[in-house]
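Please look over the sequence and the structure below. The report after them goes through selected features, one topic at a time.

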Amino acid sequence: MGANIYRNKKPVLVFLAPALLFMAVYLYYPFLKNILNSFMDIKQLGRPGTSFNSPWYANYAEMFRDPNVWIAIKNTLLMMVVTLIGQVGIAMVLALMVDNIGRGKQFFKTVFFFPIVISATALGLLFNLIFLYDKGMINQILEAFGKSQLTDWKAEGIALFTMMLPVMWQYVGFYFVILVTGLNNISDELYEAAKIDGASTWQKVRYISIPLLHNVICTCSVLAVTGALKVFDLPWTMFPKGMPLKTTFLTGTYMYYHTMETKNVDYGSALAVLIVVLGIILSKVVNSIFREKDY
Amino acid sequence: MTKKEKSTIGRSLVYLILIIWSMTTVYPIIWVVQNSFKAKDKILADSFSLPFGELFTFANYRKAFGNLNILGAYKNSIFISAMVALFVILFAGMGAYALSRYRFFGSQALHSLIIAGMMFPVFATIIPVFSMEFAWGIASTNSWFLTMLSVILPQVAGNLSFAMVVLIGYIKGLPIELEEAAYMEGCNAFQIYFKVVLPLTKPSFATVAIFSFLWSYNDLFTQMFFMRRPDMYGITMLLNQLTAKEGTNYGLMASAVTLVIVPVIIVYCFLQKYIIKGMTAGAVKG
């Protein structure tokens, strides 16, 4: 019977057409066009490529020679480690703690999550003030603890730390909520059985919570790694153009830099292709490390 | 030490750590709000004191409303985000319904194509999208409506695949018997969708709408490509330009950040349940 209603296939086209048209025009076509663009010569944003580069792979050859590409890739990989360990790790610790307390669960959920709602641009401005050299919040706190020298948080060497800390901080709550939801789905009976057998809190966490959360942790890790490739707003607000001395580029900000600042649009396209390739490789790697299991 | 004492200490320690993390998320906001009420040269002297008595001033806010087009930027951002959310739920809802109920040639392939659409980073599509809109005469114009449209269209496309994945998951879980009943009464497919499926899918639509709205509202990257004239800036673009131009006027920065953050926090307090669900839906395959 169920198949009867949907035997007449004509409405399908009407239902699907708007969404598919949109995605074809704004997603699939530009995606392929971008790959083509990366082999062309484009002088200005908005202009079509006139001729192919000579040799046609010139942009990709350039990538290997460009030291900033390696800096950007290195920084992005570091960003991934930070998001994996910092975001998912801290979120895991907080989630296990919140799961084991009685009161205030909802409060902590609300408070931990809210930085995600705020735009990364506004947070960039906020952290610019917090990390200000001349008496920003951090330097004032350090001063109160008796540190006499001010730290220039945007200087070379420490700039990466200053950039990654807010990015990490913002999304801890996101993974926290996912993990807490995962912990809530674990049946209480398992914990009760463990309690009867005399398991300590730590043993319950180690032998029940973490194994049963395996798939959720896997999802979080994939999200954290692919998310690290998409980071743009906050680093660009705090450290535009790879300041200082082009040491803080991420793959995304470097792509924007070439597209909009140096007007090397075809090189920007090639960098965008690099981001896609990195994304595919890295999510495969993460997936094979945390292979989903059925318990 | 008895077992009970031990667990009390452990519990207090857990609460202490949780409260410390809460402080890291809450205090920076309080800090920036309190400093936005101080004169720009007094902010840095002692940024932890509350702005009472002589310290208190509205100067930063007068400057913010005077020099910056904050209300205009709000209007632009809210218009864009509302349109994005509206078109996403309209198109994604219809598409998701067709894909969850009809079996046709290529429906499996189409499903994979939509999931693949979620993986396309905006970096990989933005340059051709800009060229395309430029060729159509939508991008880089002086018209307010066209500028808004040039931001709305790519953002709708960027949210569609995610929205469809969430909605397909939900619609597949709805009991088909209701649709059969409607069919027996003589409804056609469109009536079934709008009168039976749509009302039942409301919670999931809310999730998708909130996600799309917030994503669009907070996005800077697309705005940086398509917004050229200051009177057409959205909120994030306005803030970004503010750092470039007035990066040392800390009072103005603090008041601008406050003006942008506080309304969002107020909305968040009222709708937090739905917002948290909306933002994490993609991950938990809701």
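## Model and confidence

This is a predicted model, and it scores ipTM 0.86 and pTM 0.88. The mean pLDDT of chain B is 85, with 93% of its residues at 70 or more.

Within chain B, helix H3 (residues 70–101) has the highest confidence, at 92. The lowest is in helix H2 (residues 59–67) of chain B, where the mean is 81.

## Salt bridges in chain A

Over all chains, the structure holds four salt bridges. One of them joins the side chains of A:Arg65 and A:Glu62, at 3.5 Å from N to O. Both residues belong to helix H3 (residues 58–65) of chain A and are three residues apart, about one turn of the helix. A:Arg65 counts as exposed because its relative accessibility is 59%, over the 50% cut-off. A:Glu62, at 30%, counts as partly exposed.

Another salt bridge pairs A:Glu261 with A:Lys241, with 3.5 Å between the closest N and O atoms. This pair links distant parts of the chain, 20 residues apart: A:Glu261 is in helix H13 of chain A, and A:Lys241 is in the loop between H12 and H13 of chain A. Both ends have some accessible area: A:Glu261 is partly exposed, with a relative accessible area of 35%, and A:Lys241 is partly exposed at 42%.

## A buried salt bridge in chain B

B:Arg101 and B:Glu179 form a salt bridge in which the closest N and O atoms are 2.8 Å apart. B:Arg101 lies in helix H3 of chain B and B:Glu179 in helix H7 of chain B, so the bridge ties together parts that are 78 residues apart in sequence. Both B:Arg101 and B:Glu179 are buried.

## Helix H7 of chain B

Which residues of helix H7 (residues 177–184) of chain B are buried? They are B:Glu179, B:Glu180 and B:Ala182. Seen down the axis of H7(B), these buried residues fall within an arc of 160 degrees, so they line one face of the helix. B:Glu179, on that buried side, is the residue that bridges to B:Arg101.

The face of H7(B) turned away from the buried side carries the exposed residues B:Glu177 and B:Met184. After H7(B) comes B:Gly186, which has a positive phi, near 100 degrees.

## Loop residues with positive phi

A:Lys246 is not a glycine, yet its phi is positive, at about 55 degrees. A:Lys246 sits in the loop between helix H12 (233–238) and helix H13 (251–261) of chain A. With a relative accessible area of 33%, A:Lys246 is partly exposed. A:Lys241, the partner of A:Glu261, is also placed in the loop between H12 and H13 of chain A.

In chain B, B:Ser140 is a non-glycine residue with a positive phi of about 55 degrees. B:Ser140 is in the loop between helix H5 (123–136) and H6 of chain B. Its relative accessibility is 36%, so B:Ser140 counts as partly exposed.

## Two buried side chains

B:Gln155 is part of helix H6 (residues 144–172) of chain B. Is B:Gln155 buried or exposed? Its relative accessible area is 1%, so B:Gln155 is buried. Leaving out residues up to four places away in sequence, B:Gln155 touches B:Ile80, B:Val84, B:Trp215, B:Ser216, B:Asp219 and B:Thr222.

A:Asn128 is in helix H6 (residues 120–130) of chain A and counts as buried, at 10% relative accessibility. Apart from residues up to four places away in sequence, A:Asn128 touches A:Lys154, A:Thr237 and A:Met238, and also B:Thr243 in chain B. A:Asn128 and A:Phe161 are 33 residues apart in sequence, and their C-alpha atoms are 13 Å apart.

## A nonpolar surface patch

On the surface, B:Ile266, B:Val267, B:Phe270, B:Leu271 and B:Tyr274 form a nonpolar patch. Together they have about 530 Å² of accessible area. B:Ile266, a member of this patch, is found in helix H12 (residues 250–280) of chain B. B:Ile266 is partly exposed, with a relative accessible area of 47%.

Technical notes. Residues numbered from 1 in each chain as written. Chains lettered and ligands numbered in written order. Predicted model: local features only at pLDDT ≥ 70, side-chain atom pairs only at ≥ 80, totals over all residues. Heavy atoms only, no water. Helix = DSSP H or I, 4+ residues; strand = E, 2+ residues; numbered from the N terminus. Buried < 20%, exposed > 50% of the residue type's maximum accessible area, 1.4 Å probe, protein only. Contact = heavy atoms within 4.5 Å. pLDDT = per-residue confidence, 0-100. Patch = residues over 30% accessible without salt bridge, like charges linked within 9 Å, V, L, I, M, F, W, Y side chains within 5 Å. Areas by Shrake-Rupley, 256 points an atom, 1.4 Å probe, with all protein chains shown as cover. Arc of directions from axis to C-beta.
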